[in-house]
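Here is a friendly note on the aromatic rings, in numbered points. Keep the structure open while you read.

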Amino acid sequence: MKINQNISAVIVNDQLLRNENSLSASVKKLSSGFKFNDPKDNPSGMAISFKMQAQIHALNRASLNATDGVSMVETIDGAMGEMTEILQRIRELCVQAANDTNTMEDREAIQQEIDALKEEVNRISTATEFNGKKVLDGSLDRRTYVTSEEAQAGGGTKEVSMFDRITNVIISDEVQAGDYPVTIEKAAEHAVITSAPAAGVTMPTVIEESQEGIISINGSKIEIQAGMTADEVYQAIRDGGELGWVNVFATDGTQKPLNKDNLDTQGYEKLPGGYLFGSTLAFVSQNYGSDESVTITCDNKELAKILGIDQLENQTGIEFEYTEKIEYNWQTFGAEGDPKNPTANPPQPAQATTEGYVGTETKFSAAGEGTLYINGIAVAIKEGMTADQAYVAIEKALDKSGVSVQIDGKAQGQAFAFSDKMIFTTDITGLRAEINIKYDNDEIGELLGLNALTPMPNPVREVVSIEYKAVKKGEDAQVSIKNAAGEIREEYTGQAVIKADGNQVVITDKSGFEMSFEVRGDIVKTDITIEATDIGTLQLQIGANEGQELAVRVPILNTQSLYMDDLDVRKVDGADRGMNTMDGAIAIVSAARSLMGAYENRLDYIQSNLDESEENMTKAVSRLGDVDMAEEMTEYTNSNVLTQASISVLAQANDLPQQVLSLLQG
C-alpha cells in the first residue's frame, strides 16, 4: 500500500465530478424545461431552434397583419356599402323624375337631393380612412403613367407626361405590368351648329306677332312670344338649350384652335357684348360622341329667318329638313227643293264629283302617303297603292256611313283607274245632307282628282304648320393599336378590340384584359404609351418571409370615375339617362365590393393557414428543444444515486491511508 498518492480517492473523486456534472445538467433541464440551455449542450439543435422560434414569432405577427388587413377591407367595404345605398337612392330619384306627373319645380327639388347625394359620394371617396390612410381616393390602386414623345425645336424628342389629356385611366388585374402603345387618331367631338341670318334680312327691335313661334333644342321647347327683346329671346334659348344638353352662346363665328379652356365652346369665342338680333348663335352639345346630337326645330318662317335657322341647309354635315303640313278642305250641301211642288222640284242629296287624272302614274309614291277624310271618316293612303286599291279602301270606309261612292260611267265591281271620276252621294236629302272632304297631301288630290271637285269652288289649300329641322351629330374618339404596317402591336393579341363611346375608350383583350381611359377633346393625332405598373397597391405582409405579400387593389370611386358627375334630371331625357348611368355606377361599385369580399375571404383563409403553421412549427420546436420530464427525472434520479454512492465510496477511499498506520504500529 502507498500513502504518497491516494489513487483510489482520485479515481472516486473523478467519477464523483462526472456524476455531479450530470446531476447539475439534469437539474438545469428540469428547472428550465429545455433540453439544452447552453450552446455546448446541442449547438446545431440550438441554432435550428432559434431559427424556428424566429419563424414562429413572424408567423404570429403575419397572422395579426392579416387581421389588420381584414379590418381595413371591412372598413372599405362599409364605405362602399354606404355608397351603394346612395347610388340606389339616386336611381330611385331618377325613376321618380321620369314620371310626367312632375312639374319642373318638382324636378328641381329632386335634382337638389341628387346634387347633395353626389357631393356625399365624393366626400366618402376623399374622407374614408383607416389608421390615417385614405382608401377610396385611388391612392391604393395600381399606378399608370401616360407619356408621349414631343419633338424639340433643336431636333430630337423628349418624353412628356399626358396625365392632363389622357385621364381616368383604369386597368384590370389581368393587365400585366409593362408599356402599352396606343395611337390617338382623332379626339372626340361635340356636335356643333352655328346659325347666322342671311344678308338683307330686316331685324326687329322686339319680336312681332308674325314672328311668334316655338323653337325646340333636342326636344326642349322654347316659346318665343311677341314683345320679347333680343336679351329675352337669348335667355330663353340659352335656358332651353341647357335643358336639352346644349350650350348656346352668341359668337362672331370664328373658331380658334382647341385647348383645355375652350373645349365647351369648341373653340368659338363668345361675343363680349352679348346677343343682338342678327348675331351668330352657336349650339354645342354638352357631351361628346356619335350618340350626342344637336337637333333644332322652328315652326315659323319669320322667326327662322331672324335666327338664321333657315340657312342651316347650306352647312356641311347637317341633316336639314323643311316640311310643310298642308290640308285641303272642300264642302257641299244638298238642296231642300220646293215643299209646295215636290214633284217638280224634289229635295236633293249632297253630291261631289272628282276630276279624272291625266298623268301617267299607276301607284302612290312614298311622298304621296297621307290621309283622306270624307265626312270625318279616315282613309289611309299608303305607298304602292294602285288606283283600284285606293277606291276599294274608300268604298269600304264609307260602308254604312250615309255616303256612297261610285265610278262615273262604270258598272258596280269594275276596276277604278286614276283617269276615272268618282261620284260621292249622301243617302239623305236637303240642307242636312253634307259632304266634307279633307286630305293632307298634294299627290292624293292630284291622282284621285280631288283637286278639281265639283260643284262649288276647288278645295282650299292651307298650310297648317311648317317645321325647319337641323340635326348635327358629334363624333367618337378614334384610337388604334396597330403599327405602321397595319398590324396589331405585339403588346396585344389578335383578339384585342377597341370600343369608343364619345371621349371614353375601352381596349379589351383575351383573359380579362381591359384598359379604359378618356381622351381630352383638344388632343391631335398622337402616339402615347400607357405604362401599367404594380406600384401603388396596398401591400399586406401575410407571411413570415420577404416577398410574402398580398396586393390589395382599391379603385377610386367618385362621381367622375362612376361617370355620373353630369347627371341632371331636369334636362330632356335626363331621368332616362340617369337610370342608365346609375345602372353602370352601381355595377362598378358592386364589382369593387365583390373584389373586397374576395380579399376578405382570402385573408380569412390566410389567417387560418398562418395560425395552423404557427401551431405546427411550435410543435416542432417543442419536440426539438423541450425536455421530456419523465425521462429526465429518471436521469436525475440515476445521477443523484450515483453521486451519493460516489460520496460514500470517496469517504471510504479517504480512510485507506489511515489503515497503513496500523501496519506501522504493529
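**Notes on the aromatic rings**

1. Tyr492 and Phe513 are both buried (under 20% relative accessible area; exposed is over 50%, partly exposed lies in between; 1.4 Å probe, protein chains only). This is a predicted model, where local features need pLDDT of at least 70, side-chain atom pairs count only at pLDDT 80 or more, and totals for chains, interfaces and linings use all residues. Residues are numbered from 1 along each chain as its sequence is written, and side-chain values use heavy atoms, leaving out hydrogens and water.

2. Ring pairs join Tyr180, Tyr492 and Phe513 into a cluster. Rings of Phe, Tyr and Trp (its six-membered ring) pair if their centres lie within 6.5 Å; planes under 30 degrees apart are stacked, over 60 edge-to-face, and the rest tilted.

3. The structure has 11 aromatic pairs. One of them is stacked: Tyr234 and Tyr275, with 5.4 Å centre to centre and 25° between the planes. Tyr234 lies in helix 4 (residues 230-243) and Tyr275 in the loop between strand 11 (268-270) and strand 12 (280-288), so this pair ties together parts 41 residues apart in sequence. Helices (H or I, at least four residues) and strands (E, at least two) are DSSP runs, numbered from the N terminus.

4. How buried are these two? Tyr234 has a relative accessible area of 14% and is buried; Tyr275 is buried too, at 1%.

5. Arg238 lies over the face of Tyr234, 5.5 Å from the ring centre (NZ of Lys or CZ of Arg must be within 6 Å of the ring centre and within 35 degrees of the ring normal). The charged end of Lys270 is over the ring of Phe249, at 5.6 Å from its centre.
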